[in-house]
Amino acid sequence: MIEQVLQPYNLQKALKQVIVNKGSAGVDRMQISQLTEHIRKRKDELFQSIRACNYLPQPILGVEIPKGNGKTRLLGVPTVTDRLLQQAVSQVLMPKYEYEFSENSYGFRPNKNARQAVGKALGYIHEGYTHIVDIDLKTFFDEVDHCLMLNLLYQKVKCPTTLRLIRKWLKAPIQINGKLPPVLLFFLEFVNLSLSIFLCLFVPVFQCQFVIFYCIFCVAF
């Protein structure tokens, strides 16, 4: 699978998506505008380290953003290089799970969007339904069992190099105010990767028939 991830077309598609997603720089301060040139110059070295299982993700930059209730949320911002690789992995993973999704799932799926979810809700309202259930998995990414997630992933992904890459991302330390706390629960933002793994693995397992399943995931600062 790792060769599918590193295939030029897949990487170019991932690069375009990372640029569209925008977002801020990670701990290395590299901006998205610098990513194309960086990959052009360093891709051979980067891909060799991945294939040799020597690649280590850089720490994740911890950023606190305000929430509507007066509290703050701790977000993790990977470097743009890691975001590119995570997007490339996500693009290879998604087709393996897409067919298992509920037809009522609209979040982060090909050819699905929030407008369609709202349209579906309006359709139910016109049919006479009057109740909407809003469900939020509180602190899910803070406390998700990585072993469970990886075991579920292994059922379809047998490439040890790809699995190792994902494990390294899951274990990457978070840097806050220039320091790396030894132990910290934090919201692990992998732009598309962590959310994609969650959607790929857990939604088909539970097959919940919600009126709407649309995840709002903010990555821009």
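A crossing of two helices is called left-handed if the near helix is turned anticlockwise from the far one by less than a right angle, and right-handed if it is turned clockwise. The model discussed here is predicted.

Q: What makes the crossing of H2 and H3 right-handed or left-handed?
A: H2 passes H3 in a right-handed crossing, and by the rule above this means that the near helix is turned clockwise from the far one.

Q: Why is H2 called oblique to H3?
A: The axes of helix H2 (residues 8-21) and helix H3 (residues 35-51) come within 13 Å and cross at roughly 140°. Roughly antiparallel would require an angle over 145 degrees and roughly perpendicular one from 65 to 115, so H2 is oblique to H3.

Q: Which residues make that contact, and how do they divide by class?
A: H2 contributes Leu11, Leu15, Val18 and Ile19, while H3 contributes Leu35, Thr36 and Phe47. The contact of H2 with H3 has 6 nonpolar residues, 1 polar residue and no charged residues.

Q: What makes H3 roughly perpendicular to H4?
A: The axes of H3 and helix H4 (residues 80-97) come within 11 Å and cross at roughly 65°. Angles of 65 to 115 degrees count as roughly perpendicular, and H3 is therefore described as roughly perpendicular to H4. The contact is made by Leu35, His38, Ile39, Leu46 and Ile50 of H3 together with Val80, Thr81, Leu84 and Leu85 of H4, and these residues divide into 7 nonpolar, 2 polar and no charged. H3, too, passes H4 in a right-handed crossing.

Q: Why are H2 and H4 called oblique to each other?
A: H2 and H4 pack at an angle of about 120°, with their axes 8 Å apart. The roughly perpendicular range ends at 115 degrees and roughly antiparallel begins over 145, so H2 and H4 are oblique to each other. H2 passes H4 in a right-handed crossing.

Q: How do you know that the contact of H2 with H4 includes charged residues?
A: Asn10, Leu11, Lys13, Ala14, Leu15, Gln17 and Val18 in H2 meet Arg83, Leu84, Gln87, Ala88, Gln91 and Val92 in H4. Lys and Arg count as charged, and the residues of this contact divide into 7 nonpolar, 4 polar and 2 charged.

Q: Why are E2 and E3 said to stand at the edges of the sheet?
A: The open sheet has 3 strands in the order E2-E1-E3. Strand E2 (72-77) and strand E3 (174-175) each have a single partner strand, so one side of each is left without a neighbour in the sheet.

Q: How many residues lie between the strands of the hairpin of E1 and E2?
A: The hairpin has 5 residues between its strands, and Gly70 takes a positive phi near 90° there.

Q: Where does the predictor's confidence stay under 50?
A: The mean pLDDT of the protein is 78, with 80% of its residues reaching 70 or more. Over residues 183-192, however, pLDDT stays under 50, although the model has 43 contacts beyond four places in sequence for this stretch. Residues 202-221 also have pLDDT below 50, with 57 contacts in the model beyond near neighbours in sequence.

Technical notes: Residues numbered from 1 in each chain as written. Predicted model: local features only at pLDDT ≥ 70, side-chain atom pairs only at ≥ 80, totals over all residues. Heavy atoms only, no water. Pairing = 2+ DSSP bridges. Helix = DSSP H or I, 4+ residues; strand = E, 2+ residues; numbered from the N terminus. Axes fitted to C-alpha atoms, helices over the stretch in contact; angles between N-to-C directions. Parallel < 35°, antiparallel > 145°, perpendicular 65-115°, else oblique. Contact = heavy atoms within 4.5 Å. pLDDT = per-residue confidence, 0-100.
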